[in-house]
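Hi,

Here is the structure I said I would pass on.

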Amino acid sequence: MTRVALVTGSAGGIGRAIAVALQDVGMEVIGVDRVPQDDGVLGRSEVVDLAEIDACEALMRRVGRVDVLVNNAGIT
(Lines give C-alpha, C1' and ligand atoms only; values in the text may rest on other atoms or scores of the structure.)
Protein backbone atom coordinates (compact mmCIF):
# COMPACT_ATOMS: atom_id res chain seq x y z
CA MET A 1 0.00 0.00 0.00
CA THR A 2 1.34 3.42 -0.98
CA ARG A 3 1.87 5.77 1.92
CA VAL A 4 0.00 9.08 1.81
CA ALA A 5 1.65 12.38 2.75
CA LEU A 6 -0.23 15.62 3.26
CA VAL A 7 1.99 18.69 2.92
CA THR A 8 0.63 22.10 3.88
CA GLY A 9 2.11 25.24 2.36
CA SER A 10 3.05 23.25 -0.72
CA ALA A 11 2.53 25.93 -3.38
CA GLY A 12 6.09 27.20 -3.05
CA GLY A 13 9.35 27.34 -1.18
CA ILE A 14 10.21 24.71 1.40
CA GLY A 15 6.75 23.12 1.31
CA ARG A 16 6.97 22.63 -2.44
CA ALA A 17 10.44 21.08 -2.15
CA ILE A 18 9.28 18.70 0.58
CA ALA A 19 6.21 17.66 -1.42
CA VAL A 20 8.26 16.93 -4.53
CA ALA A 21 10.89 15.01 -2.52
CA LEU A 22 8.23 12.82 -0.89
CA GLN A 23 6.64 12.18 -4.26
CA ASP A 24 10.04 11.28 -5.72
CA VAL A 25 10.45 8.49 -3.14
CA GLY A 26 7.11 6.98 -4.10
CA MET A 27 4.62 8.53 -1.71
CA GLU A 28 1.20 9.74 -2.77
CA VAL A 29 1.39 13.46 -1.95
CA ILE A 30 -1.55 15.76 -1.34
CA GLY A 31 -0.41 19.35 -1.52
CA VAL A 32 -2.47 21.87 0.46
CA ASP A 33 -2.27 25.64 0.14
CA ARG A 34 -4.46 28.74 0.00
CA VAL A 35 -3.51 29.30 -3.64
CA PRO A 36 -4.08 26.89 -6.55
CA GLN A 37 -1.18 24.64 -7.56
CA ASP A 38 -1.98 23.88 -11.17
CA ASP A 39 1.48 23.27 -12.59
CA GLY A 40 0.90 19.51 -12.81
CA VAL A 41 3.88 18.57 -10.61
CA LEU A 42 1.89 17.05 -7.76
CA GLY A 43 -0.64 14.34 -8.43
CA ARG A 44 -3.19 15.94 -6.14
CA SER A 45 -3.59 19.38 -4.65
CA GLU A 46 -6.24 21.01 -2.51
CA VAL A 47 -6.98 24.70 -2.05
CA VAL A 48 -7.79 25.19 1.63
CA ASP A 49 -7.53 28.07 4.09
CA LEU A 50 -6.11 26.24 7.10
CA ALA A 51 -7.20 29.08 9.40
CA GLU A 52 -10.79 27.87 8.91
CA ILE A 53 -11.56 24.81 11.08
CA ASP A 54 -14.56 23.78 8.96
CA ALA A 55 -12.36 23.80 5.86
CA CYS A 56 -9.77 21.62 7.64
CA GLU A 57 -12.39 19.12 8.73
CA ALA A 58 -13.82 18.96 5.20
CA LEU A 59 -10.31 18.41 3.82
CA MET A 60 -9.73 15.46 6.12
CA ARG A 61 -13.07 13.92 5.13
CA ARG A 62 -12.04 14.18 1.45
CA VAL A 63 -8.51 12.91 2.03
CA GLY A 64 -9.22 10.00 4.37
CA ARG A 65 -6.03 8.25 5.43
CA VAL A 66 -2.84 10.25 6.05
CA ASP A 67 0.40 8.47 6.97
CA VAL A 68 2.69 11.51 7.03
CA LEU A 69 1.74 15.10 7.88
CA VAL A 70 4.12 17.96 7.07
CA ASN A 71 2.64 21.01 8.78
CA ASN A 72 4.62 23.62 6.85
CA ALA A 73 2.02 26.34 6.24
CA GLY A 74 2.71 29.74 7.70
CA ILE A 75 2.76 33.43 7.05
CA THR A 76 5.46 36.00 7.61
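Arg65 and Asp67 form a salt bridge, with their closest N and O atoms 2.8 Å apart. Keep in mind that this is a predicted model. Arg65 comes out as partly exposed, at 37% relative accessibility, and Asp67 is partly exposed too, with a relative accessible area of 34%.

That pair belongs to a set: the structure holds three salt bridges. Another joins the side chains of Glu46 and Arg62, at 2.9 Å from N to O. Since Glu46 sits in strand β3 and Arg62 in helix α2, this pair ties together parts that are 16 residues apart in sequence. Glu46 also meets Arg44, side chain to side chain, in a salt bridge of 3.2 Å (N to O). Put together, Arg44, Glu46 and Arg62 make a linked network of salt bridges.

Arg44, at 27% relative accessibility, is partly exposed, and so is Arg62, with a relative accessible area of 43%.

Now for the fold around them. There are four strands in an open sheet, ordered β3-β2-β1-β4, and the pairing is parallel. The edges are taken by β3 (44-47) and β4 (68-70); each has a single partner strand, so one side of each is left without a neighbour in the sheet. From one strand to the next, the twist averages 15°.

Within the sheet, β1 (residues 4-8) and β2 (residues 28-33) pair in the parallel sense over five bridges. If you want a place to start looking there, Thr8 has Val32 in β2 as its bridge partner.

And the helices? Helix α2 (residues 53-63) packs on the sheet and touches β1, β2 and β3, with its direction at about 160° to that of β3. Helix α1 (residues 13-24) lies across β1, β2 and β4, and runs at about 170° to β1.

Cheers

Technical notes:
Residues numbered from 1 in each chain as written. Predicted model: local features only at pLDDT ≥ 70, side-chain atom pairs only at ≥ 80, totals over all residues. Heavy atoms only, no water. Pairing = 2+ DSSP bridges. Helix = DSSP H or I, 4+ residues; strand = E, 2+ residues; numbered from the N terminus. Axes fitted to C-alpha atoms, helices over the stretch in contact; angles between N-to-C directions. Contact = heavy atoms within 4.5 Å. Salt bridge = Lys/Arg side-chain N within 4 Å of Asp/Glu carboxyl O. Buried < 20%, exposed > 50% of the residue type's maximum accessible area, 1.4 Å probe, protein only.
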